[in-house]
Amino acid sequence: MRNRLRSLLPVLAGATLLAMTLVLWQAFLGYDGKRILEGSHAQAVSVRKQIGLALDSRITSLEQMAARISFNNSAVAESEWRDDAIQFRAIFPDFLGIGVQNVDYISIWSEAGENNKLFHPYDNKEDPMRKMIFDTARAGHKPVVSQILELRLGGRGFLIVIPIYRLGEFKGFVNASMRAKDFFTNVVEAPGYELHISESGKDVFNSVSSPADLDRKWGASVVFSHGLSDWTVRAVPTVETLRREESLLPTTALLFGLTISLLFAALIELLLRMEDQSKELERRVLARTKELTDALSSLRVSENRLNAIIDQSPFATLVFTSDGVITRVNQAWFELWDISPGEFQQLRAYKILENPLLTELGIREFVIRAIAGERVAVPMAFYDPGKTGRPGKPRWVEAYLSPIRASSGEIQEIALSFKDVTSQIESSELEVRERAALESSRLKSEFLANMSHEIRTPINGIVGMTRLLGDTDMSDKQSKFVSAIARSANLLRVLVNDILDLSKIEAGKLELELLPFHLDELVRDMCECFAPFAEARGLEFVVLYEADKEDSFLGDSSRLRQILNNLIANAIKFTDSGKVVFAVTTRRTSEWIETEFVVKDTGIGISPAVSARLFKNFTQGDSSTARKFGGTGLGLAICKRLSDLMNGSIELESHEGQGSTFCFRVKLRPLASALPQLAVESTLANQSARKKMRVLVVEDNSINQEITVRMLLKAGYQVEAAANGIEALVALQDRTFDLVLMDCQMPEMDGLTAARKMRERDLTMPVLALTASALNSELEKCLNAGMNDCIIKPIYEQSFLRSVDHWLKIPVVTSEANPAVETASGGSVDFSVLRRLEFLEEGGGDGLILRLIRLYIERSPSDLAELRQSAQQAGTSLIKCAHMLKSSSLNIGARRVSILLQTIEDGAYEQNELSSLIEAVEGETQNVRRELLQFVNRDPRLKVSDMYSNRDSVIAPS
């Protein structure tokens, strides 16, 4: 790269001087051009001034003539102006004619050479152009020069019109017409320049008849304005003028610069060649000197390189000749084999193949292969120094042999390197044992979970048959036996449930659910559940909780209940007298509600030694605790694990004999902040786009179907409905839809089956599942069936329409308003759910909410009867019946009913508990029907929001 730049140096130097020459030449040319353009501009300005003076003199003469004209009954005596007109034309021969017009613009006298009265009379209003000129002069009370026009005397020219006023009264006009060519020829002079005058881009006058030889780039233009139009005056220098103005300075500078550039480039080329010859001679001398130096030091460099490699190598390395004599060994060799330099001197007397340290490894045949020129890797071997009578620990080693060749290619020496791999072998074995232990622990946890789940089945049978046996006629002794069996079975069931929970947690299979719940309802349930238990033991049970306006949360309320059940049950169980206090406090942060649950008792207390291990598996205070109170020691361990899953904490403060205080803290997300950014998309956005979309709603529950259809119609969509999967497939075969909303559980054909059959038919429109389950497993089932997304029931307008708009690619309009998060009413019906349906009644006037309430009241008895009948068969019919009744309950605001039905649908109950669950559903449904009837009977015209009332702020035991 450097040589290339050096060879280009003369060219670069010459080009630099040439560029400077061209810049100077252009500067001189620019100076000459500027001077020529300035001359052209000055000539154009001079011509413009000549035109202005000529017009001023003619206008002044015409005004003087007009001042001497008198009008009498619109007639003018010839003697009053004829002499003036003749004298005027004599002075200004470029005028073709002069005339006088009366107030009606009619020419009453004209003077045009020998043809006097040629245009008399003539009405100037008949020509629009002339009328405009005369109008302008009359309106402005001053002379007007017209634009270029066709003259009546022939040719192109312009008019000068003078309005005549006497004592402010308009009397008429004096006008004069002239040919443009004659006028400009007489009044303008521009020696050495061509004059070009134009108006509105059209030529008016050229001073040269054949201007083809002119270089018009040197011309300059100015504008002469005269009221009605503008004349552009352009002056272009003639060839003679350009030659006269041309300077020899640019040409002289160009020739001189070219000469200097060539000479300078030639001089630099000569100097560089001389320098190259000198450097070439110097290079040859240095190259010969280097050859001699390299030849003398090559052996020394090779030896130093080999020594450095051997010395710095982390492998234990020795070098020996082809006949087996050791020539070099590094420090790593002494460290590996634990040999001192003195001992090594004794070993040097042996040939390499006779060395007792190496023959133990069976290395003879590998050395022979290396001497033959092969690079050899010796398999890993176990070396025990004790076998050769030497001290040291046994170790695993790997060996490598490499031949070292001379410059001639002949093998002169062999390098033997050893690598100690003992630590890797031991680490690998430790890792294998650790993986085996972890796998064994995982298998044990899975086995424990499976066995715990399987053991529940016979336990349920024992519990159920014991209850049935207790209902029969038995003697007192038999009743005691049955009671003992029942208590033992219940204790065994609790133990199995605890083991199942713990095994799920350890196996990583326990997942928390995110579902809406009300904190005040959870606290109320704790009060109702444990108050009778405490009262039976003669204890005072106090619940302290001030309800906050933020009472709706998103989380796993069942696991919260499990933790609180363990803490409160233990407090009551280990307290013989006094009281148990359950206190709940909340504190708001930026996004969360920090909630603290405190359970305090006056029981036996716990010693500090036991407190440190209380939350470990199978741990109790001491052996006497288990004998006196029973239990597995898993309850608090499970509470601790569940608390960790919730990112919470459990703390204990206790003194033996003085009671205990358990504090459970957890962060709960308010339901309001869990909604997607509280952003409300307008449900009326882009009505025109929605009207083009057809939606099929597949829902067997009539209440759910009507609500969904109403929401979509209100938003502007075209909607059709089907009651099951078969009807949906028929509708899709006959008509085209842009989106399908599919309930998952329906009679005859469920939504998952219908979705699969749609995809088999190559139907590609989006399919959204309508489901009341928020579990991830339910979403996976829907996606595997070919659906695109899930919408969780109950359906809320904002999020529902947002999902539909998203899949139909309908743009939305975002408003600043935030939806209010409604709270429960405290009864069996959450009227906030019904309140969300008010938007469907706007403008409709058909009482949708009241009609849905009446429909629920009318259908619930038959639905409950069907539920009880299906309970006798169990299986899928029970699950489908519970699912359908749960969906309609959610849409009407019956949250407690829906929770009980969810338990039945999930099968999260013992077999003997099903009857009790159904009884609870029936009882709670009666409460729902009673509250809805009160609402309907109160006033059918009332809004649902009027049913709201403030909740109690303190929950205390009754």
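## A first stop: R929

Let's begin with one residue. Leaving aside residues up to four places away in sequence, R929 touches I857, S860 and P861, where a contact means heavy atoms within 4.5 Å. R929 sits in helix α30 (residues 914–938). Helices (H or I, at least four residues) and strands (E, at least two) are DSSP runs, numbered from the N terminus. With a relative accessible area of 18%, R929 is buried. Buried means under 20% relative accessible area, exposed means over 50%, and partly exposed lies in between (1.4 Å probe, protein chains only).

## About the model

This is a predicted model, in which local features need pLDDT of at least 70 and side-chain atom pairs count only at pLDDT 80 or more, while totals for chains, interfaces and linings use all residues. Residues are numbered from 1 along each chain as its sequence is written, and side-chain values use heavy atoms, with hydrogens and water left out.

## The whole chain

The protein chain contains 30 helices and 30 strands. Of its 958 residues, 42% are buried. Among contacts with a separation of 6 or more, 65% are between residues 24 or more positions apart.

The accessible surface of the chain is about 51500 Å², and carbon and sulfur atoms hold 54% of that surface. Accessible areas come from the Shrake-Rupley method with a 1.4 Å probe; for residues, only the protein chains shown count as cover.

Which residues touch the most other members of the largest nonpolar core? They are L712, Y717, L741, F800 and I904, in a core of 48 residues. Helix α27 (residues 848–871) supplies the largest share of this core, with nine residues. A nonpolar core is a set of buried Ala, Val, Leu, Ile, Met, Phe, Trp, Tyr and Cys residues joined through side-chain atoms within 4.5 Å. In soluble globular proteins, nonpolar side chains tend to be buried together.

Y717 touches R690, M693, V695, L712, V804, D805, L808 and I810, again not counting residues up to four places away in sequence. A second, separate core has 44 residues, including V100, I164, F184 and L195.

Look next at strand β10 (residues 220–225). Its covered face holds A220, V222 and F224, whereas S221, V223 and S225 make up the uncovered one. β10 runs antiparallel to strand β11 (residues 230–237), and six bridges join them. Two strands pair if DSSP finds at least two bridges between them.

Across the pair, A220 stands opposite A235 in β11. The two strands form a hairpin with four residues between them, and G227 in the turn has a positive phi of about 100 degrees.

## Helix α18 and what follows

Helix α18 (residues 635–645) has several buried residues, among them L636, I638, C639 and L642. N647 comes after this helix, in the loop between α18 and β22 (649–654). The phi of N647 is near 60 degrees, a positive value in a residue other than glycine. N647 is exposed, at a relative accessible area of 69%.

E748 has a positive phi too, near 70 degrees, and is likewise a residue other than glycine. This residue lies in the loop between β27 (739–743) and α23 (751–760). E748 counts as exposed because its relative accessibility is 65%.

## Loops inside and outside

Is T575 buried or exposed? T575 counts as buried, because its relative accessibility is 0%. The residue is in the loop between α15 (557–573) and β20 (579–588). Beyond residues up to four places away in sequence, T575 touches R537, L539, V580, D601, T602 and G603.

E126, in the loop between β3 (122–123) and α4 (128–140), is exposed, with a relative accessible area of 59%. Its C-alpha atom is 9.6 Å from that of Y105, and the two residues are 21 residues apart along the chain.
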